[in-house]
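Hi,

Here is the structure I promised to pass on. Have a look at it first, and then read my notes below.

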Amino acid sequence: MMKVWHFSEMAYPPAWAAGHELGSFRITLPNRLADPERVADIYHRHFDEFMLCDELGINIMLNEHHSTATCLNAAVPLTLAILARITSKARLLSLGTPIANRPDPVRVAEEMAMVDVISRGRLEMGLVKGAPYEIAPANSNPTRLMDRFWEAHDLILKALSPEPGPFSWEGEFFHYRNVNIWPRPWQQPHPPVWITGLSPHSGRAIAERGHVAAALLSGGIASGMFDAYRRRAAELGWVAPPDRFAYCALVGLGHDEAEGRRRADEVAGYVRTAPIVAEPFRNPPGYAPVPANVQALKAGPQKFVARVKTVDGRDVDPTSGSVQEFIDARTVFAGTPDQVFEQIKQFTQEVGGLGHLIIMAQGGTLGYKDTCENLRLFAKEVMPRLGEIAMPENPYAELAQKASSAAE
Amino acid sequence: MVETTTKTVSGIETEVRTGGAGRPLVFLHGGLGLERHDAFLDGLAGHFRVLAPALPGFGRTDWPREIRGMSDLACFVLDLAEDEAIEDAVLVGSSFGGWLALELLVRGPARFACAVLVDALGVKFGDHLTRDITDIHAREEAEVQRLLFHDPAVLARDPASLSEDALTAIVRAREAFTFFGWKPYMHDPSLRRWLHRIGVPSLVVWGAADGFVGADYGRALAAAMPGAGFELIPEAGHYPPIETPEALVRLIRDFAAGAAAAAA
């Protein structure tokens, strides 16, 4: 049965006009524009929405960004810790901690273990590379980033694992003489791990570790990455079930189609603002592989804004796309509950099966009442029907069988 | 004329530009690698036996994972000097290579008899709220070009007109320069503490229009190095080897001859 999660970046629309004027919603947008009283109201309002999710049976996802008017959630363990105490049923997904930008992976393990224990085992732990524009706020070296990512990943999982500490770690990037976290996590051997990705290459790397692979906001990215995951899993002798695959889309539901699309249009304020960042921070040297940067150099710096592709191959500029274009790119599911259900059903076929659907029922300027109505409609009119969606057969079952018997 | 050869240095497949005859001169390139240094290196080869390696990570030179810091690069240059059995050599470092030259010089490398530092990075003079070196990672590319060059228009190239190989070298240089100079930003906080150890005659040369690291920093660097001279090149920015190769070659030639005469 597909699990449903709600996600919001907790945007700060009062500074958006300034962001448009500056041409950057991040890093260079001065923080004098963040009024702490308005920010407090926004935090409280989103906690109310997350508590509604807990009532409605919707799980909760959070992420973090820094130095930005698009996301006030700057420290995902802090918000998760609050949710761990004020919710009681929802699973809590951090998607996630940008571990290559964190100087101290053991601290990440401690924070995650605390959230897992406070929530009595409701944590799901996402470890992410982080967007290129997260490099500057973290002052994290953009080169050798993925090497650092995987070392941090290995260290965090070892720190959380049931084998008794203390242990020492003298790696390429991280050094500890005594790792011995208190508390240990509630879930054994550790909370479920999720990793986000954009490419088939990521899909293969995540499959090798058996974690959940999450794709965001682009059907094309999801299809390629999930397929690569399934094939790699089969090469390693196992059939990847739908619960290894997660997808995040913006959702706008209404009693009629127009209302659903209006809500989606406001939620889409998220994708229309998130990519707007001053040129120097879009692609720091070394963040992308050399061949990709050779192509970027040919294209020129101003063109290095990722386009979203529709299923029939049209390029959509995320900063100006329409709701219909976003629906065509599978970035948005919108309309009546029936229409949204059909869109999810079709999407599930397109990507070869899905175990987790992350809905952004709030984004951009969508207000509290609309968000609650959006969540209620999803929980009451769409969620109960998700079990009807048949999962496509995994095309690599035979390959997995062969690989598995060859290994024996 | 210099030619491009491949040598194995410290076990690393290395692109080295070599040419000329006479007194050995090792040139350590700046943040752009050896791209567009032909006129400069050819000019030097008229007076010296030139050895100019692409440092690990730059150009087409391999980059083993263990090469992680300036001390690794310094050992790499010492290995090259030893392999080539050079003696009484001139050490010239530009920009990032100037920083590397300083790291070598404070350790008293015996094979080098004098040194020229050209718009050398690597040292911290300002307080913790004052940056000596402009953060190029926070500037738009067009502005970076204005900071780096006296006349960027003369040097402007359309990347689409370059070969895949040339673009790859540019991208690799950016990546390696970023890696070694990320944090602390383009300097070693301890280096200033040891500049008094530089025991060979040295000359600090600065492009007057260097907007990346200004001439005041250059003068402070010269003042911190025992007996170092200081020369300004008027129509150059951060990379005199690219913008004013002839003027720089003349300065290096005259300085090396003077240093040799003084030693005799």
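Glu231(B) touches Leu203(B), Val205(B) and Leu251(B), leaving out residues up to four places away in sequence; touching, or being in contact, means that the C-beta atoms, placed from the backbone, lie within 7 Å. You'll find Glu231(B) in strand E8 (residues 229-233) of chain B. Strands (E, at least two residues) and helices (H or I, at least four) are DSSP runs, numbered from the N terminus. Glu231(B) has 17 other C-beta atoms within 10 Å, so it counts as partly exposed. For that label, 20 or more such atoms within 10 Å make a residue buried, 12 or fewer make it exposed, and partly exposed is in between, again with C-beta atoms placed from the backbone. Ala54(B) is 177 residues from Glu231(B) in sequence and 26 Å from it in space, C-alpha to C-alpha.

Two things to know before going on. This is a predicted model, where local features need pLDDT of at least 70 and side-chain atom pairs count only at pLDDT 80 or more, while totals for chains, interfaces and linings use all residues. Residues are numbered from 1 along each chain as its sequence is written, and chains are lettered from A and ligands numbered from 1 in the order in which they are written.

Where the chains meet, the contact takes 16 residues from chain A and 19 residues from chain B. On the chain A side there are eight nonpolar, five polar and three charged residues. Here Ala, Val, Leu, Ile, Met, Phe, Trp, Tyr, Cys and Pro count as nonpolar, Asp, Glu, Lys and Arg as charged, and the others, Gly among them, as polar.

Now for chain A and its helices. H6(A) (residues 145-160) has 16 residues and reaches 22 Å between its end C-alpha atoms, close to the expected 22 Å; the expected span is 1.5 Å times one less than the number of residues. Its buried residues include Leu145(A), Phe149(A), Ile156(A) and Leu160(A).

H4(A) has 14 residues, and its end C-alpha atoms are 20 Å apart, which agrees with the 20 Å it should span. Its buried residues pack against H3, E3, strand E4 (123-128), H6 and E6 of chain A. After H4(A) comes Arg120(A), with a positive phi near 50°.

Which residues have the most contacts inside the largest nonpolar core? They are Ile60(A), Ala214(A), Tyr247(A), Leu250(A), Val251(A) and Val332(A), in a core of 117 residues. A nonpolar core is a set of buried Ala, Val, Leu, Ile, Met, Phe, Trp, Tyr and Cys residues joined through C-beta atoms within 7 Å.

E12(A) pairs with strand E9 (residues 245-253) in the parallel sense over four bridges; pairing needs at least two DSSP bridges between the strands. Gly252(A) has Ala334(A) as its bridge partner.

Cheers

Key. Two residues are in contact if their C-beta atoms, placed from the backbone, lie within 7 Å.
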